[in-house]
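Q: I'd like to learn how to read salt bridges in a model like this one. Can you walk me through it?

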Amino acid sequence: MKVAVLGAGAIGAYVGAALHRAGADVHLVARGPHLAAMRQHGVRVLSPRGDFTARAHATDDPADIGPVDFVFLGLKANSYAACGPLIEPLLHDKTAVVAAQNGIPWWYFHRHGGPHDGHRVTSVDPEGAVSAVIAPVRAIGCVVYAATELEGPGVVRHLEGTRFSIGEPDRSRSERCLAFSEAMQAGGLKCPVEPELRGDIWIKLLGNISFNPISALARATMREMCLHGGTRRVIEIMMTETLAVAAALGCRPDISVERRLAGAERVGDHRTSTLQDLERGKPLELDVLLAAVVELAEITGVPVPTLRTVHAISDLLADRMRSAA
């Protein structure tokens, strides 16, 4: 199995290292000091489950790799539309793209069934720009339940979790999903093939849609948001509205708002990825998290006044970040 990891940051390098340890032919695409370190020393993984080093091929030029069986996409979702020159050299007729993204994916309604089958979510796939680069038929969905961070160039700190749930848009247990799952498990990761992966998408989104924008607006950690009475109430309402949109689309995740909040509170003084991006002056990945659900509320007729309010304010912040970049 030949795999390219496009965007070999903390999550991508961790997955690439695990697959390499399992015997897959792995190629990591990165840049800067992180790339230089991986070329010289490999990927060093520091984990409570045991440290290890994987010396996979690393490059900044996908043309050096050529077509692969799987592309593991570790880029931010707001980079997908512009990644054509990077991903095209990696594709052959049957290449699958495992997209490890938060929020509503561009393929969400591909082979969905029902009244919205084939609908394009414009906030995540404006004018079909993402679908033109990554055809939905190539997509394997992936919901990440692992926490990692780059401790330094070439060094991945694995904090917790090893689960990477994957699934086909048409809910089938395809040969390509089973093959990728087997390779991930051989590398020491959990990788269940979930026919109803959209349920996992909504469960993870329940936290991302609320904690991520609020953390950026308030410059607050998970614990601070949970312990502040007013903010906690806003987050509860946002989660409730999000579950209503999911239900209108035929998806009822098996989780309560109370349970989701309790889990978040246990995380402690963690800064969300959106807050970290804000502090580093990077673009905010809010379209797939918040704007997309507001758009889905429009097409389903579900009232989401609190989501709309938080979206309006956080969108202004995102605009200011784009202008400053």
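**Reading the salt bridges**

A: Buried means under 20% relative accessible area, exposed over 50%, and partly exposed in between (1.4 Å probe, protein chains only). Keep in mind that this is a predicted model, where local features need pLDDT of at least 70, side-chain atom pairs count only at pLDDT 80 or more, and totals for chains, interfaces and linings use all residues. Residues are numbered from 1 along each chain as its sequence is written, and side-chain values use heavy atoms, with hydrogens and water left out.

Q: What is a salt bridge, and how many salt bridges does the structure hold?

A: Side chains of opposite charge can pair when their charged atoms come close. The cut-off is a side-chain nitrogen of Lys or Arg within 4 Å of a carboxyl oxygen of Asp or Glu. The structure holds 16 of them.

Q: Which residue forms a salt bridge with R39?

A: That's D60, with the closest N and O atoms 4.0 Å apart. D60 sits in the loop between β5 (57-59) and β6 (70-73) and R39 in helix α2 (residues 32-41), so the pair ties together parts 21 residues apart in sequence. Helices (H or I, at least four residues) and strands (E, at least two) are DSSP runs, numbered from the N terminus. D60 itself is partly exposed, at 45%.

Q: Where do R163 and E194 lie?

A: Their side chains meet in a salt bridge (3.7 Å, N to O). R163 lies in strand β9 (residues 155-167) and E194 in the loop between α5 (175-186) and α6 (197-218).
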